[in-house]
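The sequence and coordinates are shown first for reference.

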Amino acid sequence: MNMLVSIILFYPTEENLLKIIKLSEIVKILIVDNSDNDIFYINNNSNIDYVKLYKNHGIAHALNIACKKAIEQGYDWCVTLDQDSEISETYLNALHSFNQNEINVKIGVLAPQYISNEKLIINTSEKFSIKNEVITSGSCINLNAYKEIGGFRNDFFIDAVDFAYCWDLRKKGYKIIQMNYVFINHHLGEYNYEYKIKNKHIASITNHSALRKYYIVRNNLTLRREYKQIFPKECKLIKKKLFHLLLKVVIFENNKLKKIKAMFLGFKDYKHNRMGKITEEVEKRIN
């Protein structure tokens with residue numbers, strides 16, 4: 001497989017950067033940096049191409065830059081990572097040796113199994129699974145399919161960018177394939193804790209910021225509106241997902257009023273078709 005490995009940064013920690021440098025010892029990397037400070041010692045690494053954006057243009061914009069750079073450089077596939085994901089040489093070797101004839105379908109994305117917070121997200125004995133959607137981090141993007149659907153949706157900015165991309169692929173007849181025999185570590189946002197009663201799982205609490213809650217509500221409702229005729233089952237789950245999100249904020253999370261206000265403002269902007277980066281006026285109202 002002819003592929004480029006890309007990593008999207010947003011104010012990475014020193015630990016993030018050290019892992020990237022270690023990865024660069026085994027593979028060439030393209031970095032797209034959404035933060036406004038320069039990372040000079042990465043910039044001087046000959047096995048890392050460093051694209052600086054100088055401000056946060058959103059995850060979709062950064063992903064589009066990575067994929068377009070990969071196309072310009074003659075690659076057919078692009079592995080997309082965020083700074084919180086860790087991939088191994090084993091995963092890269094699995095991608096290099098992947099035989100598309102094993103699966104007689106149009107592949108839009110290849111993805112690994114994910115281990116989050118030391119837990120396997122989905123446990124299965126099957127070698128491959130067809131998924132409705134996968135997260136972008138760790139995924140390997142078919143760049144011909146990327147060109148056909150027009151890339152990632154910049155108007156989503158952050159959140160639900162991966163779902164929209166996968167659903168656009170599926171509309172064109174592409175399949176989302178998970179390789180269940182390889183794994184990567186991925187940290188799900190600002191994970192806080194697992195809530196249990198008598199050792200029974202009740203809820204996993206991902207304590208996202210109020211601003212992130214705004215995007216979650218606005219973008220997921222937009223997904224539901226735009227795709228409900230094509231993917232009714234998936235869109236039905238969105239309503240349930242957002243209801244559960246509200247319950248978790250009310251019962252478990254901190255800064256409850258601020259987050260509920262952000263969710264309401266996300267709903268309001270959804271109703272008025274206001275997409276892209278949140279406006280300064282609305283962000284001030286949240287903060």
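Tyr11 counts as partly exposed, because its relative accessibility is 41%. The model under discussion is predicted. Tyr11 belongs to the loop between β1 and α1 (14-23), and its phi is positive, about 45°, although the residue is not a glycine. Asn255, likewise not a glycine, has a positive phi of about 50°; this residue is placed in the loop between α8 (232-251) and α9. Gly173, which follows α6, also has a positive phi, near 90°.

**The chain as a whole**

The chain contains 10 helices and 12 strands. Of its 287 residues, 48% are buried. Among contacts with a separation of 6 or more, 70% are between residues 24 or more positions apart.

Ser139 is located in β9, which spans residues 139-142. With a relative accessibility of 1%, Ser139 falls under the 20% limit and therefore counts as buried. The side chain of Ser139 makes a polar contact with the backbone oxygen of Ile135 at 2.6 Å. Beyond residues up to four places away in sequence, Ser139 touches Cys78, Val79, Thr80, Tyr91, Val109, Leu110, Ala111, Tyr114 and Val134.

Asn34 is situated in the loop between β2 (29-33) and α2 (40-43). Its relative accessible area is 3%, so Asn34 is buried. Polar atoms of the Asn34 side chain lie 3.2 Å from the backbone nitrogen of His57 and 3.2 Å from the backbone oxygen of Gly58. Not counting residues up to four places away in sequence, Asn34 touches residues that include Ile8, Leu9, Phe10, Leu53, Lys55 and Ala62.

Ala62 is part of helix α3 (residues 59-72) and counts as buried, because its relative accessibility is 0%. Apart from neighbours within four places in sequence, Ala62 is in contact with Ile8, Val32, Asn34 and Leu53. Ala62 and Phe157 are 95 residues apart along the chain, and their C-alpha atoms are separated by 9.6 Å.

| Side chain | Backbone atom | Distance |
|---|---|---|
| Ser139 | oxygen of Ile135 | 2.6 Å |
| Asn34 | nitrogen of His57 | 3.2 Å |
| Asn34 | oxygen of Gly58 | 3.2 Å |

Helix α6 (residues 161-171) is largely enclosed by the rest of the structure, because 8 of its 11 residues are buried. The buried residues of α6 are Val161, Asp162, Ala164, Tyr165, Cys166, Trp167, Asp168 and Leu169.

Two packed helices are described by the angle between their axes and the distance between the axes. For helix α7 (residues 210-227) and helix α9 (residues 256-271), the axes come within 7 Å and cross at roughly 35°. The crossing of α7 with α9 is right-handed. On the α7 side, the contact is made by Ala210, Lys213, Tyr214, Val217, Arg218, Leu221, Thr222 and Arg225. On the α9 side, the contributing residues are Lys258, Lys259, Ala262, Met263, Leu265, Gly266, Phe267, Asp269 and Tyr270. By residue class, the contact of α7 with α9 comprises 9 nonpolar, 2 polar and 6 charged residues.

Conventions: Residues numbered from 1 in each chain as written. Predicted model: local features only at pLDDT ≥ 70, side-chain atom pairs only at ≥ 80, totals over all residues. Heavy atoms only, no water. Axes fitted to C-alpha atoms, helices over the stretch in contact; angles between N-to-C directions. Helix = DSSP H or I, 4+ residues; strand = E, 2+ residues; numbered from the N terminus. Left-handed = near helix turned anticlockwise from the far one by under 90°. Contact = heavy atoms within 4.5 Å. Nonpolar A, V, L, I, M, F, W, Y, C, P; charged D, E, K, R; others polar. Buried < 20%, exposed > 50% of the residue type's maximum accessible area, 1.4 Å probe, protein only. Polar contact = N/O pair within 3.5 Å; in protein donor to acceptor, adjacent residues only side chain to side chain.
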